[in-house]
Amino acid sequence: MRDYDLVIIGGGPAGLSAAVKAYDEGIENILVVERDNRLGGILNQCIHNGFGLQRFKEELTGPEYAGKFIEEAKKRDIDIMLNTIVLDLHEDKTMLLMNEENGMFELKPKAIILAMGCRERPRGALNTPGSRPAGIYSAGTAQKLVNIEGYLPGKKVVILGSGDIGLIMARRMTLEGAQVECVAELMPFSGGLKRNIVQCLHDYDIPLYYSTTISGIKGTDRVEGVYLSKVDENLKIIDGTEKFVECDTVLLSVGLLPENELTREAKIKIDPRTKGAYVNDKLMTNIPGIFAAGNVLHVHDLVDFVSEESEQAAVNAAAYIKGEFKEATDEKIELGAGDGISYTLPQYLNYENMDDNVIIKFRVNNVYPSRTIAVYADDEQIISRKKRVLAPGEMELLNLKKADLHEGTKTVTIQLEE
């Protein structure tokens, strides 16, 4: 087994973008490891359009978007290992892998980019009362069954959760001939993009019930229906609000979690807010030479941002491999999430080696009409920007200039103000 300068774990949009960019940065000894039997990751089952509007200025389906990067990787003759699982990842960057062709083998690259993507939150995390009949699927599983396997999971559907996958599957099931009774959302706002609410629900007259959850599932062998109940401001079920909706299928779209088992195994610090790695402005984790990007770092709303972020990780990984990477100092500028903000990324900066401009990504924790995004360096306000509407489903971007900070800055805090 040859020695690789860079190993990228994950062959989805993040891993492919990183591989192509790292090659163009002068790192030709690259390996992309993918556990599936094809490249592209989750994009392979996302046959709807809407991808690539920012990146390519055209509407592409998921497979078309992935195909562009697969083609670029092939042009560069980047090594790919499909059907390959990373079993162990250690702090010294030693990796234990396994596939049918090579059995179990070790690699120790100079740098690693984590690009494993995310997974759906399981039903077990919901504590939904009721029996366990057939007909309950995660939205992503249903998407794979319909778009790749060619099966229709059911004919009368209730969807719990208004994340983007749930919204898209409401439309997809309708187009395949199923009757989508409603989408129930626990929160008083949707976690999906506004355009998906309009195009996937409003255009098909599918009702969306906010502050509503499934309080019970009826059915023995197969789902026969669900009980929907309203919840209060503490997300507790309100007595007397229960109503029965007949259905044979329940789709769960209750959030995505970064796929970080390997990250934890390597003793990489995890941010409890993003559930991804704790990184600096170079997207490097607390272990030198291990970088993270894409949905394994934090869940994105657009794949265009995944590609952009992964390319940033690749540039920094390439600099690390070539010995051009500026080592981080112990003087950290912590990035804080103030009022109205659920998280920021990166989690900290190093003033000495930060770029002149750093893009900060953050999400708000509720729907806020007409707010000011205020940024403070310690106690001094350095940015003030008004925005008409902010929503949790839309990731916000903010340009932070090094010139607005100084060497002694301890914290940068982003918050919402009226």
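Thr285 lies in the loop that runs between helix H6 (261-265) and strand S18 (290-292). The model is predicted.

**Thr285**
- The relative accessible area of Thr285 is 2%, so this residue counts as buried, the limit being under 20%.
- Beyond its neighbours within four places in sequence, Thr285 is in contact with Ile268, Ala277, Tyr278, Val279, Ile290, Phe291 and Ala292.

**Helix H4**
- Helix H4 covers residues 164-175, and its end C-alpha atoms are 17 Å apart.
- This agrees with the 16 Å that twelve residues should span at 1.5 Å a residue.
- H4 is largely enclosed by the rest of the structure, because nine of its twelve residues are buried.
- The buried residues of H4 are Asp164, Gly166, Leu167, Ile168, Met169, Ala170, Arg171, Arg172 and Met173.
- Their cover includes two helices, H3 (139-149) and H5 (194-200).
- Strands S10 (156-160), S11 (179-184) and S16 (249-252) are also among the elements that cover them.
- After H4 comes Gly177, which has a positive phi, near 105°.

- Strand S19 (residues 333-337) pairs with strand S26 (residues 411-417) in the parallel sense, over four bridges.
- Ala337 has Ile414 of S26 as its bridge partner.

Methods: Residues are numbered from 1 along each chain as its sequence is written. This is a predicted model: local features need pLDDT of at least 70, side-chain atom pairs count only at pLDDT 80 or more; totals for chains, interfaces and linings use all residues. Side-chain values use heavy atoms; hydrogens and water are left out. Two strands pair if DSSP finds at least two bridges between them. Buried means under 20% relative accessible area, exposed over 50%, partly exposed in between (1.4 Å probe, protein chains only). Contact means heavy atoms within 4.5 Å. The expected span of a helix is 1.5 Å times one less than its number of residues.
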